[in-house]
Amino acid sequence: MFAFGPVPSRRLGKSLGVNNIPPKICSYGCVYCQLGSTVKKTIERKKFYNSKEVVEEVVKRVKKVGNRKIDYITFVPDGEPTLDINLGKEIKELRKRLDIPVAVITNGSLIFDEKVRNDLKNADLVSLKVDAVKMDVWKKIDRPHRDLKLEEIVEGMKRFSRSFKGKVITETMLVKGLNDEEEEYERIADFLTEVKPETSFLASPTRPPAEKWVKPATEKELIKAYHVFRKKGLKTEYLIEYEGSGFVSTGNVEEDILSITSVHPMREDYIHELIKRRGLKPEKILNKLLRERKIISLKYRNYNFYMRKLPSRH
């Protein structure tokens, strides 16, 4: 399944997701990742799927749900989207065939590569992850591939932002005990003033993380970080609430659940609402999927979540 949703996005409104990377192939192994542990850590760009099939499935899904229900087509896959060597071609084709802006949610780790920057320039919006700009903090929280160099990544982000004609936004995930100190907020904010994002988002984990010991930064630290960012002249917003229950169904509720939860763990109350809107019984559908071992149940911060059973989650 290359297309999923639309799902409610705290950054982008109604987002139709594009899953162009197999689970969970990434250049990072972030401790807080909602998709679980990285199965294959790599920085080698390659063809994972047939690009025509990816585009056709997205176009078909858009026709099924209707343009007016989608604010963005968003590359936000099971892994790092820029590892897909066909990313630029897929973005161009989707923009040509559909009158909907295209976004890419990337960790930015490969942006030192000119070919990656050129691929991303085809998008309307690019979200860059900036969890740390100090080497030891970056390694602890994002656990990068051994061949990645932080200085090349931050320089690549600055170069990209200077030439990109669309919108750049950034996201900084604050994890208790790792990057929740004022000195790090200052360093990140100073760097972001050079990137000049339209909005700098401050986030904390809201879904089950890869590592069970991960805790969100305290409210006090989130407020402190917000004020540091604002003081530097950055437009700053929080990403600390759940996105809501506005998940759109295409008619096949089991297929919808599996496609969404492959990249987006769903809270139990939201998944119940999605099923009820189709006139079905949530317990019956969920028990069937659990029995068939297609999904798993996870608990985090007093909420139950459901996620597709993937190699990255057990």
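This is a short chat about a predicted model.

Student: Before we start, what should I know about the model and the numbering?
Tutor: It's a predicted model, so local features need pLDDT of at least 70 and side-chain atom pairs count only at pLDDT 80 or more, while totals for chains, interfaces and linings use all residues. Residues are numbered from 1 along each chain as its sequence is written, and side-chain values use heavy atoms, with hydrogens and water left out.

Student: OK, helix H4. Which of its residues are buried?
Tutor: In H4 (residues 135-142) they're Val137, Trp138, Ile141 and Asp142. Buried means under 20% relative accessible area, with a 1.4 Å probe and protein chains only. Helices are DSSP runs of H or I, at least four residues, and strands are runs of E, at least two, numbered from the N terminus.

Student: Why are those on the same side of H4?
Tutor: Because they cover an arc of only 100° around the axis, taken from the directions from the helix axis to the C-beta atoms.

Student: And what covers them?
Tutor: The cover includes strand S7 (125-129), helix H5 (150-163), strand S8 (167-173) and helix H6 (182-195).

Student: What happens just after H4?
Tutor: Arg143 takes a positive phi of about 45° there.

Student: How many bridges join S11 to S13?
Tutor: Two, and Met266 has Tyr306 as its bridge partner in S13. For S12 and S13 there are six bridges, with Ile296 partnered by Met307.

Student: Anything in the hairpin of S12 and S13?
Tutor: Two residues sit between the strands, and Arg301 takes a positive phi near 50°.

Student: Now Ser51, buried or exposed?
Tutor: Ser51 is buried, with a relative accessible area of 11%. It lies in helix H1 (residues 51-65). Leaving aside neighbours within four places in sequence, Ser51 is in contact (heavy atoms within 4.5 Å) with Asn86, Lys89 and Glu90.

Student: Last one: which residues have the most contacts inside the largest nonpolar core?
Tutor: Val58, Ile73, Leu94 and Phe229, in a core of 84 residues. A nonpolar core is a set of buried Ala, Val, Leu, Ile, Met, Phe, Trp, Tyr and Cys residues joined through side-chain atoms within 4.5 Å. Another core, of 15 residues, lies apart from that one, and Val7, Ile260, Ile271 and Leu289 are among its members.

How values were computed. Buried < 20%, exposed > 50% of the residue type's maximum accessible area, 1.4 Å probe, protein only. Pairing = 2+ DSSP bridges.
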